[in-house]
Amino acid sequence: MDSRVTLLKEFYGGLPADRVKVETYEHGFPFLDQLLMSGVALEYGEIAAAGLLHKFKLSGVTEEAMDALLLSHIGKTRNVCLYFGEKVNSLFCYNLDNNHKTNNTELIPEMQCTVTLLRDILIGLGCEPLVIASGRGYHLWCRLEAPVDNQQLYEFMLRTMARAFLGLHQQGYDHNKIKANFYPDPRAHNTVSLRLFGSDHAKNKVFSRILSRDGLLDEDASWNAFEHHLREKTISIVAFHDAYASLLASI
Amino acid sequence: MKTIAVDLDDTLSNFTETIQRTQFPNPEQYGLSSEVFGRYIAMLRGGVSDAGDLLSTEYSYFCYKIHSECYKLATARPDGVEFMQWLRANGWRIVICTHRDLRRSNEGTRQWLRDNGIPFDFLFLALNKLDFCKAWEIQYLVDDHLFNLLHGDRYDIDIFYPIMSKHATFEKRAGRGFHDFGEIKQWIPG
């Protein structure tokens, strides 16, 4: 197996592997038949408003089928997006998007400011995130050594985000220009999936580059940073609970 | 295989009528004063979309919640249900093709279809249904949307639409209108 697939499986190992959203330009009933082999079911499909980008939400995915999908993910022919567990998760993610209807892939000052503030807050709490560029903003992933209750994760994210938005206001910016979502979201299980690191964005064809302190890394450096984060930055449960207690006491 | 795409809202269901006639409560979770709630309801019923430049707003969230309610409350057209069952009995592959955000309404939509005895093979979200039908080589589309009647001729897709008042003054270039779903049977293979 490709070492990058192994890395992806390890990093995202805490997420359910029996369901997936696949983004691809492939389509048509013969393709769908192929996708749905070995008991896989299509929950729904989607075609983009313009162009032929398709999304397929699949359930009943076998390990063999998932391996094949991950291989096509790093081969950049399909994108694999995973859902979160219903009750507990060992990964959580902030999804920051540019909240404008037009030119929303533009990197606005509010986004740069928010991602810097949020990263610093999380580092200060001992929960360093892996920051990955996405189509309209950034995903900030935090990886825990063991699963934590979804409600607790959500409250942690809500509070840290509130603190970041406070900083944004103090610098004279409007938080409404940023759309912030947190996953897992206990209110909407099995609804939103997030694209995994290691492929090109389906629309703009830009690799999911990692944002370091010094800026966006290139593809090779991003893979190295991804592995480094997996090995060195996984958050202990003690550290997470300390951070959560500290947040509760202050916000 | 014979394949047909069929729309849901205002085709198989009375979605818009449901929005217009339902007395919606203003639950606390919306966080809206009665004045704002009333204004938003009026905007929604008038087909007003968010005028601002932001994607996610208080009003967009409100619309999502009311639409979700209406997906559940809307009733199915009996002649539509009968037609869908006829399609199934006659070996058609049935694709439900909708503008609904299936990311959030997939399960509820499936439940509604099951509850109303409407058979289908696949659910698809397509904002441009003509593009979708063309890409998937689907020859037949049942849909009320004016866009399809205006542009359908360029796609060489057979479009059938339930005749509604909004179609009356519209310059149609494609499609056949029907009063009863059963009329479609004469225009497609058995």
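B:Glu137 is found in the loop of chain B between α6 (129–135) and β4 (140–142), where helices (H or I, at least four residues) and strands (E, at least two) are DSSP runs numbered from the N terminus. The phi of B:Glu137 is near 55°, a positive value in a residue other than glycine. B:Glu137 is exposed, with 11 other C-beta atoms within 10 Å; a residue counts as exposed at 12 or fewer such atoms, as buried at 20 or more, and as partly exposed in between, with C-beta atoms placed from the backbone.

The structure is a predicted model, in which local features need pLDDT of at least 70 and side-chain atom pairs count only at pLDDT 80 or more, while totals for chains, interfaces and linings use all residues. Residues are numbered from 1 along each chain as its sequence is written, and chains are lettered from A and ligands numbered from 1 in the order in which they are written.

Chain B as a whole has seven helices and six strands, which follow the pattern β-α-α-α-α-β-α-β-α-β-α-β-β along the sequence. Its C-alpha atoms fill a box of roughly 55 × 35 × 30 Å, taken along the principal axes. Of its 190 residues, 34% count as buried.

Chain B also meets chain A. The contact takes 20 residues from chain B and 19 residues from chain A, two residues being in contact if their C-beta atoms, placed from the backbone, lie within 7 Å. On the side of chain B that touches chain A, α5 (102–115), β3 (122–126) and α6 each supply at least two residues. The largest share, five residues, comes from β3(B). Strand β2 (residues 41–47) of chain A is joined to β3(B) by three bridges, and the two run parallel; strands pair if DSSP finds at least two bridges between them. Within this pairing, A:Gly45 stands opposite B:Phe124.

Chain A has its own backbone features. A:Lys76 lies in the loop between α3 (63–74) and β4 (78–82) of chain A, and its phi is near 65°, a positive value in a residue other than glycine. A:Lys76 is partly exposed, with 13 other C-beta atoms within 10 Å. Further along, the peptide bond from A:Tyr183 to A:Pro184 is cis, with omega near 5°. A:Pro184 belongs to the loop between β8 (178–183) and β9 (194–195) of chain A. Most residues other than glycine have a negative phi, and most peptide bonds are trans.
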